[in-house]
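Dear colleague,

I am handing over the structure below, and my notes on what was found in it follow directly after. Please read them with the model open beside you.

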Amino acid sequence: MTDTKSGGFTRRGLLAAFAATTITAAPTFANAAGFLRGGGDIRRIKMYSGRTGERIDMIYWIEGDYIGDAVKEVHHFMRDWRTDDVKSIDLRTIDIMAAAHNLLDVSEPYMLLSGYRSPQTNAMLRSKSSGVARNSLHLKGQAADLRLNSRSVNQMYRAAAACKAGGVGRYSGSNFVHIDCGPVRTWGG
């Protein structure tokens, strides 16, 4: 294996850091910032969109720093696919998603159902469902609706709620979990 350097990190060092985080025991979360403790040297997000056919699988945080290009790619990926509008996604939401994914110990990427929603999209969805909030955190780029085929809604809900770092909604009938970086709260059945 070559030891190519890029931006001060060796490939071997980066792979070793990632491997170390995958074997770390699941932490217990005591407060909103608790999910960041013991998280290792990297954070990774894996998602795909059934709507656009796009996939991402990337390290977006290394040793305390967000990687600008990776974060921009996440913002674009989580855009409103109906209008193609892009909004900056709150990094706290991405961190909660990544922490919950790690707790679930899966290699499968999240299926992103909804990230950022434009006002037009949110209004259209509200007209079709009473479950869509007028002031949804999706409008602020602070929420995501996610699904995993290999885990139940209840398993995903429990992992996200264990982070104690935002809102977690369980939508068993529609087979998805809502994760946001708003106040700590849970709902749904």
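Trp81 counts as partly exposed because its relative accessibility is 31%, where buried means under 20% relative accessible area, exposed over 50%, and partly exposed in between, with a 1.4 Å probe and protein chains only. Please bear in mind that this is a predicted model, in which local features need pLDDT of at least 70 and side-chain atom pairs count only at pLDDT 80 or more, while totals for chains, interfaces and linings use all residues. Residues are numbered from 1 along each chain as its sequence is written, and side-chain values use heavy atoms, with hydrogens and water left out.

Trp81 lies in the loop between α2 (68–77) and α3 (91–104); helices (H or I, at least four residues) and strands (E, at least two) are DSSP runs, numbered from the N terminus. Not counting residues up to four places away in sequence, Trp81 touches Arg51, Thr52 and Leu113, contact meaning heavy atoms within 4.5 Å. Ser49 is 32 residues from Trp81 in sequence, and their C-alpha atoms are 9.4 Å apart in space.

Strand β6 (residues 110–114) is largely enclosed by the rest of the structure, because 4 of its 5 residues are buried. Strand β3 (residues 42–48) runs parallel to β6 and is joined to it by 2 bridges, two strands being paired if DSSP finds at least two bridges between them. In that pairing Met47 stands opposite Tyr110. Strand β7 (residues 143–147), by contrast, runs antiparallel to β6, with 3 bridges between them, and here Met111 stands opposite Arg147.

The loop between α2 and α3 also holds Asp90, which is buried because its relative accessible area is 18%. Leaving aside neighbours within four places in sequence, Asp90 is in contact with Gly141, Gln142 and Cys181.

Turning to the helices, α3 packs against helix α5 (residues 153–162) at an angle of about 125 degrees, with the axes 8 Å apart; axes are lines fitted to C-alpha atoms, for helices over the stretch in contact, and angles run from 0 to 180 degrees between N-to-C directions. That angle makes α3 oblique to α5, since angles under 35 degrees count as roughly parallel, over 145 as roughly antiparallel, 65 to 115 as roughly perpendicular and the rest as oblique. Ala100, Leu103 and Leu104 in α3 meet Gln155, Met156, Ala159, Ala160 and Ala162 in α5.

With kind regards
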